[in-house]
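The sequence and coordinates are shown first, and the discussion follows.

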Amino acid sequence: MIGIIDYNAGNIASVQKAVEKLGYDAVLVDSPEQINACDSYILPGVGAFNQAMQNLAPLKDALVTNVKSGKYLLGICLGLQLLFDKSYEDGEYEGLHLIEGEVVRFPEDAGLKVPHMGWNKLVLDRDDELARGIDGHVYFVHSYYVKPADSSCIVMHAEYGVDVPAVVRNDNVVGMQFHPEKSSNVGMKLLLNYLEMCL
């Protein structure tokens with residue numbers, strides 16, 4: 001069973017509908033006991049890093065323990081950023097420490113419109129089953145992006161003044177900076193690739 005982590009971070013219902021449209025069963029989980037009962041997870045997210053981590057606090061230990069045992073986890077948008085060690089969004093805050101690296105704001109001197117909002121093409125960085133059959137654009141909405149300590153975890157990136165890690169993977173921990181559930185056929189194919197990995 002796929003558990004969608006329900007921690008009041010928005011966008012949860014649309015993720016659940018996308019998973020079900022692909023033919024998979026997904027349940028919303030909001031307790032450690034429910035997390036323990038699931039086989040894999042999706043961590044959606046819309047909003048601010050610090051508030052999200054506060055909301056996630058009662059579930060954090062159970063989620064991290066299960067993921068470190070080998071269960072798959074997909075973080076979407078803010079959910080991707082939470083996978084990393086720390087964020088500098090409105091301060092400095094600790095993340096889940098599942099992928100080494102940090103979350104930083106787009107550089108102000110690059111003449112970029114922030115937040116980054118719109119469709120950008122995915123560029124392949126390395127072969128991975130996540131990227132199988134993927135070629136096209138996906139939909140981004142974010143003001144911060146991740147800087148992994150080890151760039152080998154980057155599967156695909158998008159260009160927006162800087163190379164934005166768009167799809168990352170560290171073994172069973174996966175992240176997508178964009179919204180696959182809002183990214184038409186390309187996004188749904190990426191989501192399907194993740195779900196098939198979890199079997």
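Which residues of α3 are buried?

## Helix α3

The model is predicted. In α3, the buried residues are Phe49, Ala52, Met53, Leu56, Leu59, Ala62, Leu63, Val64, Asn66 and Val67.

Helix α3 spans residues 49–68 and has 20 residues. A straight helix would reach 28 Å at 1.5 Å a residue, yet the end C-alpha atoms of α3 are only 22 Å apart. A bend of about 70° is located at Ala57, and the proline Pro58 follows within four residues. Just after α3, Gly70 adopts a positive phi of about 120°.

## Contact of α1 with α5

Helix α1 comprises residues 12–21 and helix α5 comprises residues 184–197; their axes come within 10 Å and cross at roughly 75°. Angles of 65 to 115 degrees count as roughly perpendicular, and α1 and α5 are therefore roughly perpendicular to each other.

On the α1 side, Ala18, Val19 and Lys21 take part in the contact, where they meet Met188, Leu191 and Leu195 of α5. The residues of this contact divide into five nonpolar, no polar and one charged.

## Ser40 in strand β3

Ser40 belongs to strand β3, which covers residues 40–43. Is Ser40 buried or exposed? Because its relative accessibility is 2%, Ser40 counts as buried, the cut-off for buried being under 20%.

With neighbours within four places in sequence left aside, Ser40 is in contact with Met1, Ile2, Gly3, Tyr72, Tyr194 and Cys198.

Key
Residues numbered from 1 in each chain as written. Predicted model: local features only at pLDDT ≥ 70, side-chain atom pairs only at ≥ 80, totals over all residues. Heavy atoms only, no water. Axes fitted to C-alpha atoms, helices over the stretch in contact; angles between N-to-C directions. Helix = DSSP H or I, 4+ residues; strand = E, 2+ residues; numbered from the N terminus. Parallel < 35°, antiparallel > 145°, perpendicular 65-115°, else oblique. Contact = heavy atoms within 4.5 Å. Nonpolar A, V, L, I, M, F, W, Y, C, P; charged D, E, K, R; others polar. Buried < 20%, exposed > 50% of the residue type's maximum accessible area, 1.4 Å probe, protein only. Expected span 1.5 Å × (residues − 1). Bend = angle between axes of the 7 residues up to and from the residue.
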